[in-house]
Amino acid sequence: MKIKLSLLLIALLMSAKMYSQSTSSVTDAISSSISERKYTNVPVTDQQLDIILKCGIKAPSSMNAQPWKFTVIRDDAAMKEIISDITPGNIIIIVSGVVSQTGTTNDFDCGLAAENIFLAAHGLGLGARIYGSPARNINLKKEAYQIPEGSKAVVAIRIGNVDKGVDATSGASPRKKVEEVVNYKK
Ligand SMILES: Cc1cc2nc3c(=O)[nH]c(=O)nc-3n(C[C@H](O)[C@H](O)[C@H](O)COP(=O)(O)O)c2cc1C
């Protein structure tokens with residue numbers, strides 16, 4: 001009887017564990033994140049920035065080449081030049097691609113690093129938005145923004161604290177339906 005009860009308890013615990021693994025902090029961060037536009041001026045801390053950068057560095061890349069550089073911009077004037085409606089306390093991380101011998105950057109790998117940064121910020125309860133449009137102007141003034149030699153800006157990511165009153169469901173841009181995007185080979 002005792003053994004049967006123990007087995008039942010183990011089975012119950014195992015099914016509870018399986019159930020609790022149906023979502024995780026990662027899937028929750030992905031599901032609930034939006035690309036915020038409105039921020040408070042509470043600054044991003046050095047500790048948060050450190051975690052976010054380490055998550056960017058952790059991104060996978062083709063042949064583990066890690067063909068990216070991250071430039072952190074924190075001064076208001078420079079940030080405003082890059083994103084005109086920037087809020088003081090935000091930070092901008094510019095992801096630049098290392099220029100290969102053929103003159104190209106691996107934007108796919110840089111995109112993975114950018115996404116890691118975006119998700120890490122959301123995982124920490126911050127807001128973030130990826131911007132592609134400032135890259136051209138940044139590349140025209142690479143020295144001013146201290147973009148490392150031999151690399152070219154691909155995207156800028158804005159990170160900041162957000163008003164907790166903004167809910168992710170109503171703030172989210174709509175996505176295509178699963179059926180429009182996914183097909184299962186028969
Ligand atoms: C590569 C890339 C470039 C983007 N460039 C811009 C941009 O220049 N300006 C902007 O306001 N948003 C930009 N975005 C943000 C997208 O518009 C946003 O991710 C999309 O609308 C989904 O919004 P949501 O995450 O709030 O649902 C960019 C996103 C990506 C991935």
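1. From the N terminus on, the elements of the chain follow the order α-α-α-β-α-β-α-β-α-β-α-α. That comes to eight helices and four strands. Helices (H or I, at least four residues) and strands (E, at least two) are DSSP runs, numbered from the N terminus.

2. The model is predicted: local features need pLDDT of at least 70, side-chain atom pairs count only at pLDDT 80 or more, and totals for chains, interfaces and linings use all residues. Residues are numbered from 1 along each chain as its sequence is written.

3. The chain has 186 residues, and 26% of them are buried. A residue is buried if 20 or more other C-beta atoms lie within 10 Å of its own, exposed if 12 or fewer, and partly exposed in between, with C-beta atoms placed from the backbone. Of the contacts between residues at least 6 apart in sequence, 77% join residues at least 24 apart. Two residues are in contact if their C-beta atoms, placed from the backbone, lie within 7 Å.

4. The largest nonpolar core holds 28 residues, and Ile94, Val95, Ile117, Ile157 and Ile159 have the most contacts inside it. At least two residues each come from β1 (68-73), β2 (91-98), α5 (107-123), α6 (135-140) and β4 (151-160). Helix α5 gives the most, with seven residues. A nonpolar core here is a set of buried Ala, Val, Leu, Ile, Met, Phe, Trp, Tyr and Cys residues joined through C-beta atoms within 7 Å.

5. Isoleucine 159 can be inspected on its own. Leaving out residues up to four places away in sequence, Ile159 touches Val44, Ile52, Asn90, Ile91, Ile93, Ala121, Leu126 and Ala128.

6. Helix α5 has 17 residues and should span 24 Å at 1.5 Å a residue; its end C-alpha atoms are 24 Å apart, which agrees. The expected span is 1.5 Å times one less than the number of residues. Buried positions in α5 are Asp109, Cys110, Ala113, Ala114, Asn116, Ile117, Phe118, Ala120, Ala121 and His122. They pack against α2 (25-32), α3 (46-57), β1, β2, β3 and β4. After α5 comes glycine 125, with a positive phi near 85°.

7. Asparagine 116 lies in α5 and counts as buried because it has 20 C-beta neighbours inside 10 Å. Not counting residues up to four places away in sequence, Asn116 touches Cys55, Gly56, Lys58 and Ala59. Asparagine 116 and lysine 58 are 58 residues apart in sequence and 7.9 Å apart in space, C-alpha to C-alpha.

8. Around the ligand are Ile34, Ser35, Arg129, Ile130, Tyr131, Gly132, Ser133, Val155, Ala172 and Ser173. A residue counts as near a molecule if its C-beta atom, placed from the backbone, lies within 6 Å of it. Strand β3 (residues 127-131) gives the most to this shell, with three residues. By class, the shell has five nonpolar, four polar and one charged residues. Ala, Val, Leu, Ile, Met, Phe, Trp, Tyr, Cys and Pro count as nonpolar, Asp, Glu, Lys and Arg as charged, and the others, Gly among them, as polar.

9. Methionine 63, in the loop between α3 and β1, has a positive phi near 55° without being a glycine. Methionine 63 is exposed, with 8 other C-beta atoms within 10 Å. Glutamine 146, in the loop between α6 and β4, is not a glycine either and has a positive phi of about 55°. Glutamine 146 is exposed, with 12 other C-beta atoms within 10 Å.
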